[in-house]
Amino acid sequence: MIRWMLVIFLALIFISWFTPLLHKLGFGKLPGDLRFKLFGREWFIPLTTTIVLSLVASLISQLI
C-alpha cells in the first residue's frame, strides 16, 4: 500500500513539472480536451491528452 502511494505521489510531481512543457507542445489544447467554467471556476478535463500520453507511455514501455 505504501509503495502505491509513493508511486502516485512521484507521478503527480513529475506531471506538475512537465505540464508547462506539454502546454508549449500543444497538449491540453487537443480536440476532446474539455475546458469550461462552472461556479466561477475554470475546469479542465484533458481526455484526449490523457489517451495520447498513455499510448506514448505504452509504446515506450514495450520498446524497453
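Which residues make the nonpolar surface patch of about 870 Å²? Hold that thought for a moment while I say what we have on screen. Hi everyone, this is a predicted model, where local features need pLDDT of at least 70 and side-chain atom pairs count only at pLDDT 80 or more, while totals for chains, interfaces and linings use all residues. Residues are numbered from 1 along each chain as its sequence is written, and side-chain values use heavy atoms, with hydrogens and water left out.

Let's begin with the overall layout. The protein has 2 helices and 2 strands, and along the sequence they come in the pattern α-β-β-α. Helices (H or I, at least four residues) and strands (E, at least two) are DSSP runs, numbered from the N terminus. The C-alpha trace spans about 40 × 30 × 20 Å along its principal axes. Its radius of gyration, taken over C-alpha atoms, is 14 Å, whereas a compact globule of 64 residues would be near 11 Å; that globule rule is 2.2 Å times the number of residues to the power 0.38. Of the 64 residues, 6% count as buried. Buried means under 20% relative accessible area, exposed means over 50%, and partly exposed is in between (1.4 Å probe, protein chains only).

Now back to that patch. Its members are Leu6, Phe9, Leu10, Phe14, Trp17, Phe18, Leu21 and Leu25. A patch takes residues with over 30% relative accessible area and no salt bridge, joining like charges within 9 Å and nonpolar side chains (Val, Leu, Ile, Met, Phe, Trp, Tyr) within 5 Å. The areas come from the Shrake-Rupley method with a 1.4 Å probe, and for residues only the protein chains shown count as cover. Leu25 lies in helix H1, residues 2–25, and counts as exposed because its relative accessibility is 60%. Leu6 is in helix H1 too, and is partly exposed at 48%. Leu6 and Ile45 are 39 residues apart in sequence and 24 Å apart in space, C-alpha to C-alpha.

On to the strands. Phe39 sits in the loop between strand S1 (33–38) and S2. Most residues other than glycine have a negative phi. Phe39 is also exposed, with a relative accessible area of 78%. In strand S2 (residues 41–46) we find Pro46, partly exposed at 28%. Pro46 and Leu30 are 16 residues apart in sequence, and their C-alpha atoms are 8.3 Å apart in space.

Last topic: charges and rings. How many salt bridges does a search of the whole structure find? The search finds 1, between the side chains of Arg35 and Glu42, at 3.0 Å from N to O. The cut-off is a side-chain nitrogen of Lys or Arg within 4 Å of a carboxyl oxygen of Asp or Glu. Arg35 is partly exposed, at 48%, and Glu42 counts as partly exposed at 44%.

Finally, the charged end of Arg41 sits over the ring of Trp43, 4.7 Å from its centre. That label needs NZ of Lys or CZ of Arg within 6 Å of the ring centre and within 35 degrees of the ring normal.
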